[in-house]
Amino acid sequence: MKLGEGLASVHEELAGQLRQLRDLTGRSLRELARDVHGSSSSLSRYFSGQSVPPWPTVVALCKAAGRDPRAMREVWERAKDEPQTSTAATVPVRNDLPHDITAFTGRRAELAALLSAARNTTIVAIDGMGGVGKTALAVHGAHLLTADFPGAQLYLNLRGFTPGREPVESAEALRVLLAALGVPPGRIPDGVAERAALWRSELAARRAIVLLDNAADADHVRDLLPGAGQSLVVITSRRRMVELDGVQPISLDVLLTQEAAELFVESAGGSRPGDVGEVLRRCGNLPLAIRVAAARLRHRPAWTLDTLVQRLREGELAVSDVFEMSLRQLDSAQRRMFGLLGLVPGEDIDAYGAAALAGIPLANARSLLEDLVDVHLLQEPSAGRYRMHDLLRQSARAEDAAADPGPAIARLADYYLSGMLATTEVIELVVVPVPVVVSQRPPALPDLSHDGALDWLDTEWGNITATFLLCVELRVDASAVGLGQFAFVIALGRRGGMAQVCRGLEAAMPAAKALGERRVLASHRYLLGAALMRVGRLEEAVPELEAARVLMAEEGDVVGEALAVEQLAEVRLYAADAKGAIELVRRATGLVPSGEAAVRVYIGVRLGRALVLLGEHGEAREVVSDLLKTARELDRQKERMCLDVLGRAALGLGEARTALDLAEQAVAISRETRHQVFEAISRTDAAVALRHLGATEEATAMHAEAMLMLEVAGEPHRMVRSLLPYAEACLATGDREAAARHFRAALETAGAHGINYLVPAARSGLTRVS
């Protein structure tokens, strides 16, 4: 080994350890210089191995990185005591990097990825939407890497998305870069290929970092990439560089809320009175928008955050121009899809929904969605799900603000209606089918086999609800009615949230009337009456159900008329009028044609419940037992309905063990079919049976699970109706303290949610345990 090589390795070993300390701190040279009371130029020499720092500086760096300096003492001693071979370049090193950003905040994971990639690859591409902070990250990272690339630090704005400026062509970019490396003008060839070859040759002899900012696409930078050697090229672009081989991608999203708040406070020069959260929401957590807003605040000492929010509401700080150059890169089909996606009322959309929204084939929609993802005008947070940043959504809606959104939203609604219609073929329903017709069949539907149908419903539920509300607002009447009615069918038992469904049906009632179809109006009144009953508004439910009965009778729909009468019987059951319920059930039974097995089971179960309420447990068991075989042949939810009644009848006959077994079977059915509300009701039955069997702890746990499920589902009415029988079971088994607790909870919940008809029962229970 030559003497110079050995000495260089000692100094390089120390420099490498110092660079590791620097990377651990995540700070810029300027910040580190301030912390260690040195200068940026001195630190740069230490990190590059050109000189050995004083020991106090090493200690200060270790402290900043949270490391023990004693581990470095030996290598520092060796480097200090040995003379250093001069490696200074005869030509001044070029550093064209822009000024490091003053309030760089967050991006810890992305910055770490950039610093790590610099040690393992030669090309890094940072992509993200306009204003998301690509350049800030690249510049900050390049400053941290300066000492690692002492051959040159070059920067070139390629102007790929600069309003009012043409992108820098490859030939001109290469000329500028070669000149920056000190190549005389006379040595720079004319052709692009020749310039690119010379550029690669020059880079191969150096360890340089090159920041190519604001590239339009992969072709824009292809000729500027290095060949062999140890140089690093960092590219920023609004478009993903998927066409380039060997590129390490780093994609940026908007800042996390905490990081966004830190950036705003730092950029604004400190905190001010007011709601910083509202400022961040108005800026969409987009770094550029945050900096613009913070700069306005910083230079106006008299402003509060409320003043700034008001300016943001008035649109003074709009950042839509940031996106304009991205939009100019789109062709007509891409731009149309972008504009339509701005209309999407939900949080996200899948490719099937986008195809329906645009009225184009699924393959075309997928291609356009991927195009928009690649240019960061659309996000794909999970495979096949697409969403748009709020600020981009504003730009998208402005694309064709004068156009009527109704037809596109109607197509989207028809997609959701078609999906829900398909799910009714494979999931088990307990109400009359709704008479909804899809106006425009969607281009395609996803797999809606049994598990697929349930998963699709769970995924799309929020989007379906949002689309329904928009249809009501836009007076897309047929879609509003269809979505509202199906929402009831699917919410019942499966999802809960009946209060919201009820409000939706009420909001869509004008649309149901405007359609002029009596069968649709009858169905809407029937479902609204059923929903009103299930939220505890019994007095309002009766006239809707009676109106539905009359309309169905006039239309000759005897099955619909029978079900309306059956629902009126259900109201009587809720009001504890067993005899009145039995009278109505027998009337409904007389209306049903002999071939309607499902309806006969449905109505027969209601008779069994009335008999249980009346205390005729043996007769209830006999009636429902006769229905059980037919129910099992129909579907599992019909079977569950029978098991619920048989369990309650068994409990009334003193057969608590049988009651528990039947309740557990019902729980299992609802769990398997994902009917969480019905599962919670059957859990309450199981808890009551456990109480009567003396299994107090198990009963308490079972009841608590049922209450939690109903609370999560947003079903306060059903919570009260489960609390009351459980409280009665506690009282019957001698646990007066538990009974009082549950009666009190029932009273408080009923009072808080206006479930007035159950207040007397809760009060009566409390009186009995006092």
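Reader: What is the order of the 5 strands in the open sheet, and what is the pairing?

Author: The order is E2-E3-E4-E1-E5, and the pairing is parallel. This is a predicted model, in which local features need pLDDT of at least 70, side-chain atom pairs count only at pLDDT 80 or more, and totals for chains, interfaces and linings use all residues. Residues are numbered from 1 along each chain as its sequence is written, and side-chain values use heavy atoms, with hydrogens and water left out. Strands (E, at least two residues) and helices (H or I, at least four) are DSSP runs numbered from the N terminus.

Reader: Why do E2 and E5 stand at the edges?

Author: Strand E2 (152-157) and strand E5 (248-251) each have a single partner strand, so one side of each is left without a neighbour in the sheet.

Reader: What makes E1 and E5 a pair?

Author: Two strands pair if DSSP finds at least two bridges between them. Strand E1 (residues 123-127) and E5 have 4 bridges, in the parallel sense, and therefore meet that definition. Valine 124 has glutamine 248 of E5 as its bridge partner.

Reader: Why are H17 and H18 called roughly perpendicular?

Author: The axes of H17 (residues 351-358) and H18 (residues 362-374) cross at roughly 105 degrees and come within 8 Å. Axes are lines fitted to C-alpha atoms, for helices over the stretch in contact, with angles from 0 to 180 degrees between N-to-C directions. Angles of 65 to 115 degrees count as roughly perpendicular, so the term applies to H17 and H18.

Reader: Which residues of H17 and H18 make the contact?

Author: Contact means heavy atoms within 4.5 Å. Ala351, Tyr352, Ala354 and Ala355 of H17 meet Leu362, Ala365, Arg366 and Leu369 of H18.

Definitions and conventions
Angles under 35 degrees count as roughly parallel, over 145 as roughly antiparallel, 65 to 115 as roughly perpendicular and the rest as oblique.
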